[in-house]
Amino acid sequence: MPGVELIDVAKSFGSTEVIPKLNLSIDEGEFAVIVGPSGCGKSTTLRMICGLEPVTSGSIFIKDRNVTKAAPKARDIAMVFQSYALYPHMDVAGNMSFALRLAGRPKEEIKRRVDHAAQLLELTDYLHRKPRDLSGGQRQRVAMGRSIVRDAYCFLFDEPLSNLDAKLRSSMRTELALLHKQLERTMVYVTHDQIEAMTMADRIVIMDQGEIQQVGTPREVYTSPRNRFVAGFIGSPSMNFLDAQLQDERGELVVRGDGFRLPIPDRLQQQVQNTTVTECTVGLRPEHFFARNDGSGNLAALKLNVDVAEYIGSSQFLAAHLGEQAVTATVDVGPDAEPMQSGEYYFDTNRLYLFDRRTGMAL
Amino acid sequence: MSNQLHSPWRVMAHYVCLCLLAIACLMPIWVMISTSFKDDIVIFDGKPIWFFFVPTMDNYEYIVGRGKFDRYLVNSVIVAVVSTFLTLLLGGLCAYALARAEFKGRRFVANATLLVRMVPPAVLAVPAFAMVIFLNVNNDLLVLIFFYTALNLPFAIWLLFGFYKQIPVELEEAAIVDGASPLQVFFRVLLPLMKSGYAVAGIFTFRIAWNEFILALLLTGRNTRTLPVAASGFLTDTGVEWGRIMAMGTLIVIPPLLFTFFAARQIIAGMTAGAVKG
Ligand SMILES: Nc1ncnc2c1ncn2[C@@H]1O[C@H](COP(=O)(O)OP(=O)(O)OP(=O)(O)O)[C@@H](O)[C@H]1O
Ligand SMILES: [Mg+2]
């Protein structure tokens, strides 16, 4: 059953169209993550769901109820704002309990919930501080706390972890995932950090310029991106894109470009045979390069001119050239390896992607 | 550099300047207060006596005992309090609308309100008088309240507009999502943050309404006089009754002083600090 459903929702600010037409259905109890580059309309989408921004056209359903015209209060939603939006005249406890106090909940219940949230967010020592006396990360946690004390049907998070340091961020990620398991509530989480998206999401919604590019599980969007944008956005470091031609060399389908010639994997044989496209873009993920041919998979040799090899522990990050085109690769060579040199590297052709160069759609 | 800033000579020079300024400000007030406790013989003595004279309460007894001092005091309080309240209420609403609503030329409107303020009240006195006579509503405190409110609104709007602009709109949105009704948003989120703004606007408005003379002189009668007008009654055909005027002046100063003292305690700097990402 869909928990939150957007049907043909469009949004314009004056004459600038920010979201052309958006259809999205988020299941009840699902953890959906919206990712996309800055300015693609993520916050706007959240604000329309919670009712702070009216839709220009289309309709929104929450719990099978049409709430398109309903006030935020009537939507049973909690939201964490991208800018925190803490009440500066209330202390941390006051901020967190505001919604509960407005709802007239009993004192003991409020205290219990606030204490619980404070504990979860490591804010117990700060309950009586004002927001101005908190660090950025602490403020962000208060903003989180303010929403999770509530018993809302749906939770919206607008980049709630962006100001935390790496350690706190990953522990908060875990806490949130746990919280989601406990509460079993629908959660919509906005981020432009794709690691966050991959690790937390039941389903990822990838947006660009107000349009949904793909919706799927983390595995789906990583292994079968629908188009070049999704392929480039998901995965870190991001996928290499090289111009190439599809060719039929005496019955063998290959993709050929500057400095490389790769066989088409079985996975794509059918599509390539059926297409009329010849000008294409090859997508190679950096993590699918290997330094040695250990005989596994369908490895094809590629000659890389390594410009820089960066040591990142057990692997190395290579900024290199393949022919004239720049590529990046991460090769797993162990922590004791010397900096990698130019030479033969191997690519697992089973993991190769092809895109129509004109439309950007995956073949 | 910091050495230079904090050198004893510099500090001393600062304090000397401050003392001179303070004396310049306080001297007229001292003249007023001291004169109010003098009898005419001391006042009109050849050379001014600053500190050493035998104080007398005669002037106070006269103004409070005779005439209708209590009546005028009540008039003044009603006019100042009600017009200040109305100004803050209406001005706050206007300022809020200007700060939040999106419409063409709102910045112009916001600043234009200040231009209206540039017109001196004296210029408006005659048209106001004509209007009041035409409508036959003179000698009514409500009329005075109306004019003071109108007179003070532009400045209050402009001032409060600036304060409202500083409150991030996300705070209101957060409160709305937290389930607050419009009134709750106002009283529990906006008003606590606007305290400083309303206090500043209130101080200015109250002071102007309390002290205004020309309109009050033209628009009030025997029973509706305010204190400044009553004070001018001591400029008589037979001469100026300095002692009584000064006693009146001293009493007139007290309420706005109390009001300012109370209101100023609401002014806190940096109220919205920490609300949103820097
Ligand atoms: N009130 C507004 N008036 C006009 N344009 C707006 C308004 N709010 C947002 N926009 C525009 O809508 C687009 C989407 O904005 P939005 O805030 O949803 O982006 P976002 O995906 O959340 O970006 P970020 O990751 O930077 O937060 C932007 O181009 C922005 O300029
Ligand atoms: Mg945003």
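Trainee: What makes the contact between the side chains of Arg150(A) and Asp178(B) a salt bridge?

Mentor: Start with the value: 3.6 Å, N to O. A salt bridge is a side-chain nitrogen of Lys or Arg within 4 Å of a carboxyl oxygen of Asp or Glu. The pair is an Arg and an Asp at 3.6 Å, so it qualifies. This pair crosses between chains. Arg150(A) is in the loop between helix 4 (136-148) and strand 7 (154-158) of chain A. Asp178(B) is in the loop between helix 9 (169-177) and helix 10 (182-211) of chain B. Helices (H or I, at least four residues) and strands (E, at least two) are DSSP runs, numbered from the N terminus.

Trainee: What ground rules apply to the model and its numbering?

Mentor: This is a predicted model, where local features need pLDDT of at least 70 and side-chain atom pairs pLDDT 80 or more, while totals for chains, interfaces and linings use all residues. Residues count from 1 along each chain as its sequence is written, chains are lettered from A and ligands numbered from 1 in the order written, and side-chain values use heavy atoms, without hydrogens or water.

Trainee: Why is Arg150(A) called buried?

Mentor: Its relative accessible area is 13%. Buried means under 20%, exposed over 50%, and partly exposed in between (1.4 Å probe, protein chains only). Arg150(A) is therefore buried at 13%. Asp178(B) has 8%, so Asp178(B) is buried too.

Trainee: How do you know that Arg105(A) and Glu109(A) form a salt bridge?

Mentor: Their side chains come to 2.8 Å, N to O. That is within the limit, so the pair counts. Arg105(A) has 30% and is partly exposed. Glu109(A) has 16% and counts as buried.

Trainee: What makes Glu249(A) and Arg256(A) a salt bridge?

Mentor: The distance is 2.6 Å, N to O. Glu249(A) is buried at 17%, whereas Arg256(A) is partly exposed at 32%. Elsewhere, salt bridges that share partners join Lys11(A), Arg47(A), Glu53(A) and Glu173(B) into one network. The whole structure holds 18 salt bridges over all chains.

Trainee: What makes Ser43(A) and Gln82(A) ligands of the magnesium ion (ligand 2)?

Mentor: Their donor atoms are OG of Ser43(A) and OE1 of Gln82(A), at 1.9 to 2.3 Å. Donors are N, O and S atoms within 2.8 Å of the metal (3.2 Å for Na, K and Ca). Water is not among the atoms, so the site may look incomplete. The two residues are 39 residues apart, linking helix 1 (residues 42-50) to the loop between strand 6 (77-80) and helix 2 (92-102) of chain A. Ser43(A) is partly exposed at 22%. Gln82(A) is partly exposed at 30%.

Trainee: What makes the phi of Ala85(A) worth a remark?

Mentor: Phi is near 50°, a positive value in a residue other than glycine. Most residues other than glycine have a negative phi, and most peptide bonds are trans. Ala85(A) lies in the loop between strand 6 and helix 2 of chain A, and is buried at 0%. Gln209(A) also has a positive phi, about 50°. Gln209(A) is in the loop between strand 9 (203-208) and strand 10 (211-216) of chain A. At 63%, Gln209(A) counts as exposed.

Trainee: Which peptide bond is cis, and what is its omega?

Mentor: The bond joining Ser236(A) and Pro237(A), with omega about -5°. Pro237(A) is in the loop between helix 8 (228-233) and strand 11 (240-249) of chain A.

Trainee: Why is Phe51(B) called exposed?

Mentor: Its relative accessible area is 55%, so it passes the exposed cut-off. Phe51(B) is in the loop between helix 3 and helix 4 (58-65) of chain B.
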